[in-house]
Structure formats: C-alpha cells, structure tokens
Amino acid sequence: MKIAIIGVGTVGSAVATAVKNTGFVHEMVLFDRDGVRARAAAEDLGHAASFGFDVKITAVSSYRGIRGSDIVIIAAGANQKTGETRMDLLNKNAMVIADIIPRVMANVDAKNVKIIVLTNPLDVMVMLAHKLSKLPAGRVIGTGTMLDSARLRTILARYFDISTQSINAYVLGEHGDSSIVNWTSATVGALTLDEFCKQTKVSLPATTRKTIEHRVHNAAYEIIRGRGATWDGIGAAAADLLRCIINDEHRILTVSSVSGTGTEMLAMSLPRIVGKNGVVTTLRPKMSATESAGLRRSGKIIRNGYDEIA
C-alpha cells in the first residue's frame, strides 16, 4: 500500500508519524513545495521507522513522485490561528485545494484512488475536492467530526469514569462551530445514555450537557491558544480512517462525504460505514427535533461557504 501525503507542515508531519505507526503502509511519499522541508521530514521519520515498522519513506517536490499512490492525504493549506474560526480560512485554502487536486489527479489512477481531506474548512474543501477530482463521492473523504466525536467520548468517559471504548456518541454536521452533539442516539455499552445514568446513579443534567457541548466546540481553540496549533488528534484520526480503508473494516465513522447533486450537493459528517472503497453507506441516526434543526442549520452554513467559492 502506497500513501502520499500532500503538505508536510505541522499537521502533515503528525499524520505521517501516525500513519507510519499503523504498520499497514509499505511506502509513504511526502510531498511539499518546499523540497528541503520534505526531505528533512522524510529523513527524520525514516530514522524513527528503524525502531518500528519497516516503511519506505521518500520526499518529493514534484507531483510525479506520487504516482502509484493508492490513497492521497491532503494536509496542505493555512492552519487555524488564535482568534480564527475554520471558516476564516475559506478563500485562501480554496485556492490551495483548487491548485492541488488537478495535479494529484494527473498522477494517480482515477479508477482506484481515494482522497482524504484534512484542510479546513473541511466540509467545504471536501465538496471542492469532489467537484474538481470528478471521483465518486465515496472516494473523497474528510476526517469530518471523527476528532470532535473522540473529544466528546473522552469528556464523557472521564465524567463517568469508564473507558472511551464503551461509549458510542457522535458529533454531527460541520467540522466547526455549528456541529451538533447527537445526545438522542448516544449509548454506553448496550444502554441508552439515560438508562446508563439511571443504573449507575450518575446524573447528566441539561446544564452539564451544555457544558460538555461547549467544551467539544472549543477544544481546538483551547489547544491552539496553549500550543499554537492542533496536530496529534487529527494525525490519529487520519491514521484511523486510513486503517479502516486499508483493512476494509466496514467500521462506522463520522466522516464527511458529499451527498446530493447540483444545488442539493452537501458534505457534512454523519455516521458512515467505511471500507476499502471508501464510504459504503450513510446512516441516519435518531435525533430530537432540536438536534435535527441544528443539523439543518449546520448544513446551510457549509453550503453557504461552498457557494461563496463555487
């Protein structure tokens, strides 16, 4: 399995490290317009690989170097800075994606390649990448709210003092400020959230849920304020998505993928079954009226962003 990573900045480097550590990739190409940076990253990661899985890692500054790649991960673009929302990156990163996608498609097998998008605002960039690549919607995938959902599960796990692996709870919609927490369909073990709280005698009142929602929505801002950028979480999310595709796991992930056509075209995160061919099926979880309204509002924000650059 050959993987190409486009953009070897902070996020791209974290993704490369996480992907290397899966052990499922035999060859990884790091592309960056700054050839010196790409070579330095490949050297450093190559040295690290000697302590773990044997992966051939090369650096390129020409798109010809990505030929033969089965999956292309796009991590290029401006990163969110303190005080910025993801949508603030819209125009500058739309130009980045518009430049990258045609060059990628000229050097890969369009019949088989999958594209994973990490660039923000993610859902709009997924729509743009889908349009420009002309690939089936299921093979252009954004990590979406995988990380947001992981943050939600982590907060709940700490609150309940249980493993995150026992919690099924999703953040849906935009990978951004308008996302919604799907409390209605959340489960712990085989129990609904309310039933789990009842049996364990741990309350989760509306005020606490609002606080948790606030923490999920603001997690990236807090990390950026303290660290300058976020990279470990998205690196792990990208590697997890990659593993799901490579192993044809048919796992349910809250990835972003396009549905609909024309003025109805929209990419947002919903629970989706993911396998070797990308997105297999999109699921529609049970939602309250408030959650459904929030999801529609989130979709309008994403679509408005896309209309601004289309």
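**Pockets, a cavity and a helix**

Guide: This is a predicted model. Its largest pocket has a volume of about 490 Å³. Among the 21 residues lining that pocket, A150, R153, D240, R251 and L253 are closest to its centre. Elements giving two or more residues to this lining are α5 (146–160), β7 (167–168), α8 and β12 (251–259).

Visitor: What makes up the lining of the largest pocket, by class?

Guide: Ten nonpolar, seven polar and four charged residues.

Visitor: And the second largest pocket: what is its volume, and which residues are closest to its centre?

Guide: The second largest pocket comes to about 340 Å³. It is lined by 20 residues, with G7, D32, R33, A76 and G77 closest to the centre. Here α1 (10–20) and α3 (90–105) are the elements that give two or more residues.

Visitor: How many cavities of 30 Å³ or more does the whole structure hold?

Guide: The search finds one. The largest cavity holds about 290 Å³ of space, and V11, N79, L118, N120 and T230 are the closest to its centre among 22 lining residues. Both α5 and α7 (206–227) give two or more residues to that lining.

Visitor: Why is that one called a cavity and not a pocket?

Guide: Because a 1.4 Å probe fits inside a cavity but cannot get out, whereas a pocket is open. By class, this cavity's lining has twelve nonpolar, eight polar and two charged residues.

Visitor: Back to α8. How do you know that its length agrees with its number of residues?

Guide: Helix α8 covers residues 232–246, which is 15 residues.

Visitor: Which residues of α8 are called buried, and why?

Guide: They are I234, G235, A237, A238, A239, D240, L241, L242, C244 and I245.

Visitor: What makes β2 and β3 a pair?

Guide: Two strands pair if there are at least two bridges between them. Strand β2 (residues 27–31) and strand β3 (residues 56–60) have five, in the parallel sense, so they count as a pair. One of the bridges joins E27 to K56 in β3.

How values were computed: Residues are numbered from 1 along each chain as its sequence is written. This is a predicted model: local features need pLDDT of at least 70, side-chain atom pairs count only at pLDDT 80 or more; totals for chains, interfaces and linings use all residues. Side-chain values use heavy atoms; hydrogens and water are left out. Helices (H or I, at least four residues) and strands (E, at least two) are DSSP runs, numbered from the N terminus. The expected span of a helix is 1.5 Å times one less than its number of residues. Buried means under 20% relative accessible area, exposed over 50%, partly exposed in between (1.4 Å probe, protein chains only). On a 1 Å grid over the protein atoms alone, a cavity is a set of points where a 1.4 Å probe fits but cannot get out, and a pocket is an open set with protein on both sides within 12 Å along at least five of seven lines; lining residues have an atom within 4 Å of a point. Grid points are joined across faces, edges and corners, and a volume is the space filled by probe spheres set on the points. Ala, Val, Leu, Ile, Met, Phe, Trp, Tyr, Cys and Pro count as nonpolar, Asp, Glu, Lys and Arg as charged, and the others, Gly among them, as polar.
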